[in-house]
Amino acid sequence: MKYVKLILMGVIMLSNSSFASFSEKLNLNFSKDDAGKYLLPELGYSYDALEPYIDSRTMEIHHTKHHQAYVTNLNNAIAGTEMEKLSLDELLANVSKYPVAVRNNGGGHWNHAFFWKLLSGNSSKTASGKLLEQINKDFGSFDNFKAEFSKAAMGRFGSGWAWLIIQDGKLVVTSTPNQDNPLMDVAEVNGLPILGLDVWEHAYYLKYQNRRNEYVENFFNVINWEFVQSIFEKNF
Ligand code: MN3
């Protein structure tokens, strides 16, 4: 009887953890308040920490206005429904079943919470260790990877994101429109993101205006490779 219980517990734990615990894999935590409302996460650094590459005013507006709006609108979209009981990961993995407001704002909340963790004012400016080895294997060199990622960021027409994902034991560059991401069932290319770049104009327009190419180039000066390497090694 004791063993049956243990096996049952194991099955329950497996079924919970095998389901799309993307956040756990990526060391993200989507906190809620006592009333069950999603909260805007802290950046973990000051608004001016990424100067001169990403300016303080852009970071402040991006965080307190744009990201906050996704959080507020996600809370409104799920209030009083069964969706409140599901994790954000579960909502995104089956997002085709839910209202478009969940796709846009749930994606917006997830993507931005992830994006803040990918940035640092003390960037090593290049990957190293096992991640660099895999980049060299899948792209030929770090420069080739950078070129391919930049091309995805530049080639995304209108608003969206460029991504580096783990897919079937390989690193792959892709991009998504709007606030979609590669974890969503609606995405053309699925995989676990380990790096992402917001190419909405709100992410760069104050400083760069129409020069998305300069913003993309400067993103490579503020990537938190320590974090990217840690989630790569945890999941590859
Ligand atoms: Mn944004």
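1. Charge. The chain carries 22 positive and 26 negative charges, and their mean positions are 4 Å apart. Lys and Arg count as positive, Asp and Glu as negative; His and the chain ends are not counted. Each charge is placed at NZ of Lys, CZ of Arg, CG of Asp or CD of Glu.

2. Basis. This is a predicted model: local features need pLDDT of at least 70, side-chain atom pairs count only at pLDDT 80 or more, and totals for chains, interfaces and linings use all residues. Residues are numbered from 1 along each chain as its sequence is written, and side-chain values use heavy atoms, with hydrogens and water left out.

3. Confidence. The average pLDDT (the predictor's confidence in each residue, from 0 to 100) is 93 for the chain. A score of at least 70 is reached by 92% of the residues. Residues 10-18 fall below 50. That stretch makes zero contacts (heavy atoms within 4.5 Å) beyond near neighbours in sequence. Where pLDDT is low, predicted coordinates should not be read in detail.

4. Fold. The chain has 10 helices and three strands. These are DSSP runs: H or I of at least four residues for helices, E of at least two for strands, numbered from the N terminus. Their order along the sequence is α-α-α-α-α-α-α-β-β-β-α-α-α.

5. Dimensions. The C-alpha trace spans about 65 × 40 × 30 Å along its principal axes.

6. Packing. Among contacts with a separation of 6 or more, 69% join residues 24 or more positions apart.
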